[in-house]
Amino acid sequence: MKFFVDTADTDAIHELNELGIVDGVTTNPSLIHKSGRGIKEVIAQIAEMVDGPVSAETVATDFETMVHEGHEVAKLGENIAIKVPLTWNGLKACKRLSGEGHMVNVTLCFSANQALLAAKAGATFVSPFIGRLDDINLDGMDLIGDIRDIYDNYGFETQILAASIRSVNHMTEAARIGADVATAPPDVIKKMAEHPLTDKGLKAFLEDWAKTGQSIL
């Protein structure tokens, strides 16, 4: 499973990218606002930092403006994935932009039917929002499984990008079910390395090592 980082924090991206675990980056208007920077400036910097796809979201709701904004963000780097919402106009924009050779990430997906339409429209990625479904007492992972089954049934090449990930358990389940990509905040990715038994074992090793009075250096 590919790891995308869901942030516009370039320092956090740099740290994770140095470990070689960053396959791409996703951003959205809320993350751009949190960064306190201009969208073109921050997206261009991120696109230069990482080799994989960098999702930059359009904010228009009508077809023509959405396509125009898509063309503008595509200029920010060769690895830009234009992000459009899963609305009827978003699907039309996806069809146009993907037909022009652009990568397109269709976001705010909450049903298998929506994901099926995104694939038919030529989406490179479809982004089902796990956490937001969990918030309304629906199992977001069920949606990932449904989309995986449908895409496998018909050989769709659209990649399932599990989004709105809130926990390390979400990461585990997304990988188990077969999401192609998971995008998560930097802190969730870091927490994947943590386990209380690792901490306990390390503490015991260090205590015993101290008793030996030795030094490796």
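In the predicted model, the charged end of Lys92 lies over the ring of Phe63, at 5.1 Å from the ring centre. A charge is taken to sit over a ring if NZ of Lys or CZ of Arg is within 6 Å of the ring centre and within 35 degrees of the ring normal. Because this is a predicted model, local features need pLDDT of at least 70 and side-chain atom pairs count only at pLDDT 80 or more, whereas totals for chains, interfaces and linings use all residues. Residues are numbered from 1 along each chain as its sequence is written, and side-chain values use heavy atoms, with hydrogens and water left out.

Four aromatic pairs are found in a search of the whole structure. A pair of aromatic rings is described by the distance of the centres and the angle of the planes. Rings of Phe, Tyr and Trp (its six-membered ring) are paired if their centres lie within 6.5 Å; planes under 30 degrees apart count as stacked, over 60 as edge-to-face and the rest as tilted. One of the pairs joins Tyr151 and Phe156, whose ring centres are 5.6 Å apart with the planes at 70°, so this pair is edge-to-face. Tyr154 and Phe156 form a tilted pair, with 6.3 Å from centre to centre and 50° between the planes. Accessibility is classed by relative accessible area (buried under 20%, exposed over 50%, partly exposed in between, with a 1.4 Å probe and protein chains only). Tyr151 is buried, with a relative accessible area of 1%; Phe156 is partly exposed at 22%, and Tyr154 is exposed at 62%.

The protein contains eleven helices and eight strands. These elements are DSSP runs numbered from the N terminus, with at least four residues for helices (H or I) and at least two for strands (E). The C-alpha atoms fill a box of roughly 70 × 40 × 30 Å along the principal axes. Of the 217 residues in the protein, 45% are buried. Among contacts with a separation of 6 or more, 57% are accounted for by residues 24 or more positions apart, a contact being heavy atoms within 4.5 Å.

Two packed helices are described by the angle between their axes and the distance between the axes. Helix H1 (residues 10-18) packs with helix H3 (residues 39-49) at an angle of about 5°, and their axes are 11 Å apart. The axes are lines fitted to C-alpha atoms, for helices over the stretch in contact, and the angles run from 0 to 180 degrees between N-to-C directions. H1 and H3 are therefore roughly parallel to each other; the cut-offs are under 35 degrees for roughly parallel, over 145 for roughly antiparallel and 65 to 115 for roughly perpendicular, the rest being oblique. H1 contributes Thr10, Ile13, His14 and Asn17 to the contact, and H3 contributes Val42, Gln45, Ile46 and Met49. These residues divide into four nonpolar, four polar and no charged. Ala, Val, Leu, Ile, Met, Phe, Trp, Tyr, Cys and Pro count as nonpolar, Asp, Glu, Lys and Arg as charged, and the others, Gly among them, as polar.

Most residues other than glycine have a negative phi. Asn137, which is not a glycine, has a positive phi of about 65°. Asn137 is placed in the loop between helix H7 (130-135) and helix H8 (140-154) and is exposed, with a relative accessible area of 74%. Ser164, also not a glycine, has a positive phi of about 55°. The loop that holds Ser164 runs between strand E7 (159-162) and helix H9 (168-177), and Ser164 counts as buried at 14% relative accessibility.

Pro185 is located in the loop between strand E8 (181-184) and helix H10 (186-191) and is partly exposed, with a relative accessible area of 24%. Apart from neighbours within four places in sequence, Pro185 is in contact with Asp6 and Ile165. Pro185 and Leu31 are 154 residues apart along the chain, and their C-alpha atoms are separated by 10 Å.

Helix H4 (residues 63-74) includes Ala74, which counts as buried at 17% relative accessibility. Leaving aside neighbours within four places in sequence, Ala74 is in contact with Ile80, Ile82 and His102. Glu69 is also found in helix H4 and touches Thr58, Val59 and Ala60, not counting residues up to four places away in sequence.
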